[in-house]
Amino acid sequence: MRRFLSGALPFYALAGLAMCMYLVLYKTNLFDLNAIVQGATGSAWFPVFMFACVLLESVFPYFGYFPGTALILMSVALNPKPADVSVFIVAWAAIIVGAVLSYGQARFFRPMLQRVASKAAMSRCESLLDSYGPYARVALFVHPNACAMYFTALGLLGRNLTRELAYLSVGAAASVGILFVIVTRLVSSAGATDDGELQVLLAAGLVAIGTLVGLYAAFRPDRAA
């Protein structure tokens, strides 16, 4: 059970944050997100708007869960015409820039962490990253928040950034591409309105992925010493 939770909980936490944002954005009168996105898609500044939103989502931990991915989904569903290659490119670039910023701020705070954390705790974190690091790269294909967390961990542990950039580039492209395919093929046919179904769909997807990752961690054979 412990191994299952170690793999599944990060994704469950992201799903919980997504649902919290769903309640804030769609069940209160604080924002009219449909009006915001519809106004943005009609503007020449729409790529800049999308870059800023996804960038905020891709920097950990200052912004927590910012609905940048949800805004990509909504922009395609509400108005498919502006959701062209330029939006794909700026969303891809924002994920990369956000991950690099997450890594950089973690490296900046690394000396402080070394003063607070014991050598045993740091050693355990290093061991976990060595054991599960290749599988943690799955986060690069899942969600900008998960990607930012992964690069924050790399920075805190002082790992090399350069060799991770290739995985980051491919993962960010796959993540944004999958979002476009899902929405344009399955969701946009519902019409130019959104009452939060996309956010709930995203949360459900994170729960499903977390469950699969947890099951893999639980039943994965231990490596020989």
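Is Val138 buried, exposed or partly exposed, and what is the relative accessible area of Val138? Val138 is partly exposed, because the relative accessible area is 39%, where buried means under 20%, exposed over 50% and partly exposed in between (1.4 Å probe, protein chains only). Val138 sits in the loop between α6 (119-136) and α7. From C-alpha to C-alpha, Val138 lies 9.5 Å from Tyr167, a residue 29 places away in sequence.

The model is predicted, with local features needing pLDDT of at least 70, side-chain atom pairs counting only at pLDDT 80 or more, and totals for chains, interfaces and linings using all residues. Residues are numbered from 1 along each chain as its sequence is written, and side-chain values use heavy atoms, with hydrogens and water left out.

The chain holds nine helices and zero strands, where helices (H or I, at least four residues) and strands (E, at least two) are DSSP runs numbered from the N terminus. Of its 225 residues, 42% count as buried. Contact here means heavy atoms within 4.5 Å. Among contacts between residues at least 6 apart in sequence, 82% join residues at least 24 apart.

One such place to look is Ala15, in helix α1 (residues 2-26). Ala15 counts as buried because its relative accessibility is 4%. Not counting residues up to four places away in sequence, Ala15 touches Ala203, Leu206 and Val207. Over residues 85-104 the chain is 100% helix and 0% strand, with the end C-alpha atoms 29 Å apart. Residues 200-219 are likewise 100% helix and 0% strand, and their end C-alpha atoms are 29 Å apart.

Helix packing comes next. Helix α3 (residues 46-57) packs against helix α5 (residues 85-116) at an angle of about 30°, with the axes 8 Å apart. Axes are lines fitted to C-alpha atoms, for helices over the stretch in contact, and angles run from 0 to 180 degrees between N-to-C directions. The helices α3 and α5 are therefore roughly parallel to each other, a term for angles under 35 degrees, with over 145 counting as roughly antiparallel, 65 to 115 as roughly perpendicular and the rest as oblique. In α3, the residues meeting α5 include Phe46, Met50 and Phe51, and their partners in α5 include Val87, Val90 and Gly98. The residues of this contact of α3 with α5 divide into 14 nonpolar, two polar and no charged. Here Ala, Val, Leu, Ile, Met, Phe, Trp, Tyr, Cys and Pro count as nonpolar, Asp, Glu, Lys and Arg as charged, and the others, Gly among them, as polar.

Helix α5 also meets helix α7 (residues 144-156), where the axes come within 7 Å and cross at roughly 35°. Among the residues of α5 in this contact are Tyr103, Arg107 and Arg110, while those of α7 include Cys147, Phe151 and Thr152. The residues of the contact of α5 with α7 divide into eleven nonpolar, four polar and two charged.
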